[in-house]
Amino acid sequence: MYIKQVIIDGFKSYKDQTITEPFSPKINCVVGANGSGKSNFFHAIRFVLNDAFTSMRAEERQALLHEGAGHAVLSAFVELVFDNSDGRFPIDKDEVRLRRTIGAKKDEYTLDRKHVTKQEVMNLLESAGFSRANPYYIVQQGKIMSMANMRDSERLELLKEIGGTKVYEERRRESLRI
Ligand code: ATP
Ligand code: MG
């Protein structure tokens, strides 16, 4: 599975709808002048994949909406188009579109244009190995060292998350509790 396209609309410096060219499943490079939106682009991806697991305060939401001279957008969205031809998402489609929309109050998700709850998104992401505790899939500066220095037990937990089995352990615990 890989992200084959990103659509950003109204998010941070991306005022107008921006649709990337299709990405390569191998290596892609993002280049641009200082302040041109490279970090914002990666933040947009994180916003859909990782930040689903964290709740935001009103000011934090506001900071994500594009704010230009004299006008601010009222809502923004980021849509990730996944190549799912390996079936990593348990959805019988080669292409899966996950969109997160944010407004002053609302925060909603659509999966292939249908509304889904945040919980459904989290379950979907976790079963594909996008973990909540350890977002290994975005390796930020300094992270490589900490991965290299992990204790064996920590590395095992990471492998469980990558394998997507941790979500079942948690569900098992929950069902035993009921
Ligand atoms: P560098 O090479 O310096 O790391 P970059 O390409 O990573 O630059 P970003 O940090 O992605 O650049 O973009 C910074 C720009 O985004 C700044 O000009 C900042 O004002 C703008 N920006 C951030 N949030 C918003 C917002 N909510 N509305 C409008 N512009 C924003
Ligand atoms: Mg940057």
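Trainee: Helices (H or I, at least four residues) and strands (E, at least two) are DSSP runs, numbered from the N terminus. With that settled, what follows helix 5?

Mentor: Glycine 164 comes after helix 5, and its phi is positive, near 80°. Please note that this is a predicted model, in which local features need pLDDT of at least 70, side-chain atom pairs count only at pLDDT 80 or more, and totals for chains, interfaces and linings use all residues. Residues are numbered from 1 along each chain as its sequence is written, while chains are lettered from A and ligands numbered from 1 in the order in which they are written.

Trainee: How far does helix 5 reach from its first C-alpha to its last?

Mentor: Helix 5 covers residues 152–163, 12 residues in total, and reaches 16 Å. That is close to the expected 16 Å at 1.5 Å a residue, the expected span being 1.5 Å times one less than the number of residues.

Trainee: And does helix 5 lie largely in the open or largely buried?

Mentor: Largely in the open, because one of its 12 residues is buried. A residue is buried if 20 or more other C-beta atoms, placed from the backbone, lie within 10 Å of its own, exposed if 12 or fewer, and partly exposed in between. Across the protein, buried residues make up 19% of the 178 residues.

Trainee: Stepping back, how many helices and strands are there?

Mentor: The protein has six helices and eight strands. Read from the N terminus, their order is β-β-α-α-β-β-β-β-β-β-α-α-α-α. The C-alpha trace spans about 55 × 40 × 35 Å along its principal axes.

Trainee: Now to ligand 1: which residues are closest?

Mentor: Ser13, Asn34, Lys38, Ser39 and Asn40 are the closest of the 14 residues that surround ligand 1; a residue counts as near if its C-beta atom, placed from the backbone, lies within 6 Å.

Trainee: Which helix gives the most to that shell?

Mentor: Helix 1, residues 38–49, gives the most, with three residues.

Trainee: Last topic: where is valine 81 found?

Mentor: Valine 81 belongs to strand 5, residues 75–83. Valine 81 is partly exposed, because 19 other C-beta atoms lie within 10 Å.

Trainee: What does valine 81 touch?

Mentor: Not counting residues up to four places away in sequence, valine 81 touches Ile3, Lys4, Gln5, Glu95 and Arg97; contact means C-beta atoms, placed from the backbone, within 7 Å. The C-alpha atoms of valine 81 and glutamate 95 are separated by 6.8 Å, although the two residues are 14 residues apart along the chain.

Note on methods. Contact = placed C-beta atoms within 7 Å.
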